[in-house]
Structures are given as C-alpha cells and as structure tokens.
Protein chains: 2
Amino acid sequence: MSTGGDDRATVRNKQVILKDYVSGFPKETDFDITTSTVELKLPEGSKSVLVKNLYLSCDPYMRSRMGKPAASGLAQAYTPGKPILGFGVSRVIKSGHPDYKEGDLMWGVVGWEEYSVVTPIPDMHFKIQNTDVPLSYYTGLLGMPGMTAYAGFYEVCSPKKGETVYVSAASGAVGQLVGQFAKMMGCYVVGSAGSKEKVDLLKNKFGFDDAFNYKEEQDLAAALKRCFPKGIDIYFENVGGKMLDAVLVNMNVHGRIAVCGMISQYNLENHEGVHNLSNIIYKRIRIQGFAVFDYYDKYSKFLEFVIPCIKEGKIAYVEDVAEGLEKGPEALVGLFHGKNVGKQVVVVARE
Amino acid sequence: MSTGGDDRATVRNKQVILKDYVSGFPKETDFDITTSTVELKLPEGSKSVLVKNLYLSCDPYMRSRMGKPAASGLAQAYTPGKPILGFGVSRVIKSGHPDYKEGDLMWGVVGWEEYSVVTPIPDMHFKIQNTDVPLSYYTGLLGMPGMTAYAGFYEVCSPKKGETVYVSAASGAVGQLVGQFAKMMGCYVVGSAGSKEKVDLLKNKFGFDDAFNYKEEQDLAAALKRCFPKGIDIYFENVGGKMLDAVLVNMNVHGRIAVCGMISQYNLENHEGVHNLSNIIYKRIRIQGFAVFDYYDKYSKFLEFVIPCIKEGKIAYVEDVAEGLEKGPEALVGLFHGKNVGKQVVVVARE
C-alpha cells in the first residue's frame, strides 16, 4: 500500500461536468469539459484509491441521475458543477484500501474524468481478475450490463427451453446478451431495434431468429403478432410505453415480463399511458422490475459461465467506441436517440 | 343415481337472458326475464346433473363475458338469447354423474335460471360437504371469491408480518376477506371503498386499521401517502386505472401487487392509461396477475382453515342479498356502480 509518500506529481484532470439538472432529452450543451489538476497522492490514513480511468460506460439509467433529486429514480441525482458518475474500468495509481494495490485493475463507479478518488464499496467496485479479455468489456459484457442480462434472464424471466422470447432495444449492451442467452437455452428469440444496421446485427451477428425495425412498423402489435403467431412467453423490457402496450396484447398465459428499463420514457415530462394492463389478469402475467445490484452475489458464478463462452466464440459482443473523454457527452446523449450500435463505451486512455 | 325413470314432471323455468353483446356499462335492459319450462328428467345415459338453483353470485369478471367474443378476457363470451352463466349454489334433483346423487348440494357454474342441466367439471363444480354454515356463503366466502382472496393473498402477495397492505374495492366479496387475512397475519391494512357506509364497515366490522372513500379524495396519491407514510408493501389490486397509478408512486422497494381485477376499466371502450410504470424498475416491484382456477387444488386446505374461523367468529362476512331471480339483472348491473355493500348474492330459492 502506498498512500502518497514522496510522489507528489500533479497532473491534468479533464472532467465532464453537469451544468444543471436536465429536463427532457439531454443535450451535449448540458455538459462542460473542464480541465483542472489533481495531485497524484492520497491523504495520510485514507481508505480510498486514486485511479486512472481507462474506459467509461454510457448507460440509459444515467438519465435518471441527471434530473432534479425529487424526480430521480433508482440512483442518486448528480450534482451540477461536478463531474457526472458512471461505471468505468480504471487502474489503481495509489491505494489506501486493503483490497487494492497500485497497478490493480478495477471496474465500478467513478467520475467522468481522467483521475478519480473513490472509496471502494462492495457491489459498486470490483477488482478485475481476468485480464486476458479486452478490458473495455468490463463496462459491458463483463460488468454491470452483462450481470443485468444474466440476472434478468436467468433469475427473473424463469425461462424454459422452447419458449418464445422478445427483447426490445435488442442490440444494446444488455439486449444483445439476453438474446444470446435465450438462444443458448433453446428459446425462439426475436429482437427489435431502431435501424436496418442494428436489425442486421441481431440476425447475422447475435443469432436472433428474427428481428424488426420498430421505426418502420405502423402497428407494433401487428408486428409482434407477425413475429410471434403463437404469442410471447417472455418479454425482456428495455423501452416501455407503446411497445409495452403492444407486447401485453401478444403475451401468452403465464407469460413473464422482466422490466430492466424503459428508455423511451426517461426523457418525457409526462410518461406515456399504458392501456392494455388488463391482460395481466386475463393472461396471469408476471411483471417483475429488477435491479442488478440485488444480484451481484452471483457475479463470480456469472464470470465462470461467460468467460469460457467468450473464449470459445459462443457469445458475440459489439461495442460502439468513442475515442476521448471529450467525446463523452456526445456518446452519452446519443444513447437516447439510439445512435449507438452495440454497447457504447468512451475511451479515456488505453493504458 | 336416477336419470329420469317415471318422474316426468314439467315445471316452470324462469331465466335471465342476455339480449345482445354489451358495450359500455351493462344496463338492466340488456337482460330479459323469460319463463320457459323444463322437464325434471335427464336423457338416458346422461352424465349430467339437473339442479335446482338456490343462490347466484354476482361477480365483476362476468362483465368480460358480456362483450363480443374477441373482446372477452379470461372467460368465454355469453351467447345472446341464452341465459347468462355464473357461480351458484344448487341442489341436485336428478343425476347421471357418478359423483353426485339426488339431494346433494353443489357449488359451481350454472345458468341464471331456476333449473339448470350441467355436466360437472373439476374446478368448476364442487360438492358441498359442510352444510352447518349458511349455504349462500358458497357463492362468496366459501366459494370462488373466498378462494380468490386466499390464493391471492397467501400465494401471490408473499406477505410477511408487519408489512403494510392496501386493498381497493375493499368491502367487496374478495376485498373484505383479503383485509381480514392480512390482519390475521399481523399486517397494517388499509382499504378503500366508494361510500361512507362501506368505509365504516371496513373499520368497524372487518377490522381494517384505516380506510378511505376514494370518491371523496381529490388526489389519490396524496390519500395513500397519508394512510401509508412509510409506503405500501403489498397492494391487492381490484380496480386498476387511476388507482393503480396512485399506488405505484407509493409502493415500497420490493413491493408486490397481486392483480385480481380492474373493475374500473371493464366498462370503458378505451382503458385508461397508466403512467407511473417506471416505478416498477425504481422499486423493483413485482406485479402478478392471477386467476383462482389455477389454485383450486388448495380448496380443501382453504376450507380447513376458514370454516373454523367462521365458527369462532374470527372472520366477519357481509352479504348484500337480492331476493328473487327477477332482481338478478339489477343486482348484477349495480356491481359496476358500487351499489352492493358486501358480497352481492341473488336468492333464487331458499330450498
């Protein structure tokens, strides 16, 4: 452990600052890129770590942290004037924490900046043990979104071989994995996304049985009926709103809906009304909201399962990589317009 | 067994006929009372029973059977020109079925008429073994609504001692029992209903901790906040629409919503939109639709539990009794305007 000592180098620390609480769709101009400096040391007796951030993750839930505190959902609101926070992959530069030493790699919540001082918290920070996979994967496949897909599909959906599975936002960080997990279980899997390029990815890269571009469908319920003539057993919900309404009329008896996100609603002042909820009774549907942090006790089991799948090529994974912290706001904002193709990552530094 | 023989008496058979498929609120004029005759015999070799109907049950789900077949939900549409069907208590007059003999009492699905010929079907017809309780209770507390409350609360809500429970339509056949089951488990229980008389019943007869008249509340979410300052752990959903929206913002993390019915929506051409579904994610809520017929294997266990409760006065039960089949349409239609106080029963004959 080194908590400082003689090493008092001061370096530049670029940061992505939230200017003010956001309402409606976030814009690039909601953020400032500032440059301050940071001293590469920790105070005597600190239990924190000083990390150099390598990769940052753009995740839909971050929208809920941009609003005013009262309007926020699962996570605490960001503080205007401060760097925003998110999942990242980082290298430990200095450590006052007994579990981390200089040079260790970590994934977890850090600031959107070149260097962060964080106090590692279980289920928010994880030491990276397997480094023979691309490190950026720990922002997605091997990090929070991967665990979300794993827990959401295996623990929440109660899937059975031969069932029909529908995934919305299916080419995103979570959706692409849910679809592949479902195929591995022997389910019939259909995904939707918002462009031809993404639909091609679903069919040709991720092995979905079918896929459609929701932006080209006049009638979402009819599109789902076409893809699922015998109905949907499992819906992995990432979008909410009109899509949920269309799904409800196509669900089968005893169907399950795992609610991971509702990205179509996050930027609306008033959320869309969902009208077909009486299907919950008629079809005895179970709708279960979940959050990944309730399932992190299964993280090592997840890695044991998924790392061999990656090495054997059984799981495909697509990232959309933005180069440089300056590109962070654009990449993050783009998420809410579906601009990313695959998991959106921001590279701060490669080493 | 007697399937006819010499006994060829012909008797009057009054019937409640559905004139045509119903849209919007059902009206008394949607039904005709007709008088035909029935021969008190069964064809040779019949496996059916001829029953004299004593008590008929008015249940909200019956609305879904009045609409056109495509618009129907859980149960099959009624046939215009024929008697409507519902749960009732009946005495067997003739039997071709090995499980029933003349004089047996039965509860289950029969026509709204004085005499019905039915083929007993497991989980739709049950022989009444305990006759030292009022027979009409088998349309409610000891029949389908009782089992609905029992399965819905104990099996679907996953209740724990000390949790907070909210029941809508709380003075109805199912709600009054759910509230009492929840109290027996040591929960804090609040109910809502649509009149002062019903609210008084909830507080003074059924032992709810608190109750409110939803028609007198300007802001349902505020009313629930007042009754549940620490939030709702369990919601037993009978009404849907605006009430569900108000509940969602008051639910606690890991809350459960058992969806038994949505009576506020059944008569609307377009169901109300529910806007606060993103709380499902933020609070990791489970919403579970259920139907009683998935739980009838627990019926004898239920009777073992509930009959002693009735005899020891641990469970209160209120019926709203309409005298005579002619009063059936009025009683049934009244259900959708909340006119009934307690379980709505129609007496066809007392013996």
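What follows is a conversation about a helix pair in chain A and the interface of chain B with chain A, in a predicted model.

Biologist: What makes helix α2 of chain A roughly perpendicular to helix α8 of chain A?

Modeller: Helix α2 (residues 144–156) and helix α8 (residues 299–311) of chain A pack at an angle of about 95 degrees, with their axes 11 Å apart. Angles of 65 to 115 degrees count as roughly perpendicular, and therefore α2(A) is described as roughly perpendicular to α8(A).

Biologist: Which residues bring α2(A) and α8(A) into contact, and how do they divide by class?

Modeller: From α2(A) come A:Gly146, A:Met147, A:Tyr150 and A:Tyr154, which meet A:Tyr299, A:Lys301, A:Phe302 and A:Phe305 of α8(A). The residues of this contact comprise six nonpolar, one polar and one charged; since Gly is counted as polar and Lys as charged, A:Gly146 and A:Lys301 take those two places.

Biologist: Why is the pair B:Asp294 and A:Arg284 called a salt bridge?

Modeller: The side chains of B:Asp294 and A:Arg284 meet at 3.0 Å, N to O, and the rule asks for a side-chain nitrogen of Lys or Arg within 4 Å of a carboxyl oxygen of Asp or Glu, so the pair qualifies. Across the interface of chain B and chain A, the rule finds two salt bridges.

Biologist: How much area do chain B and chain A bury between them, and which residues of chain B lose the most?

Modeller: The two chains bury about 2600 Å² between them, 64% of it on carbon and sulfur atoms. On the side of chain B, B:Ile281, B:Tyr282 and B:Arg284 lose the most area to chain A, together 25% of what that side buries.

Biologist: How many residue pairs are in polar contact between the chains, and what does chain B supply to the interface?

Modeller: There are 12 residue pairs in polar contact, counting those with both residues at pLDDT 80 or more. In chain B, β12 (251–259), α7 (279–282) and β13 (286–289) each supply at least two residues of the side that touches chain A, and β13(B) gives the most, with four residues. By class, that side of chain B has 16 nonpolar, 10 polar and four charged residues.

Notes. Residues numbered from 1 in each chain as written. Chains lettered and ligands numbered in written order. Predicted model: local features only at pLDDT ≥ 70, side-chain atom pairs only at ≥ 80, totals over all residues. Heavy atoms only, no water. Axes fitted to C-alpha atoms, helices over the stretch in contact; angles between N-to-C directions. Parallel < 35°, antiparallel > 145°, perpendicular 65-115°, else oblique. Contact = heavy atoms within 4.5 Å. Buried area = accessible area lost by both parts, 1.4 Å probe. Polar contact = N/O pair within 3.5 Å; in protein donor to acceptor, adjacent residues only side chain to side chain.
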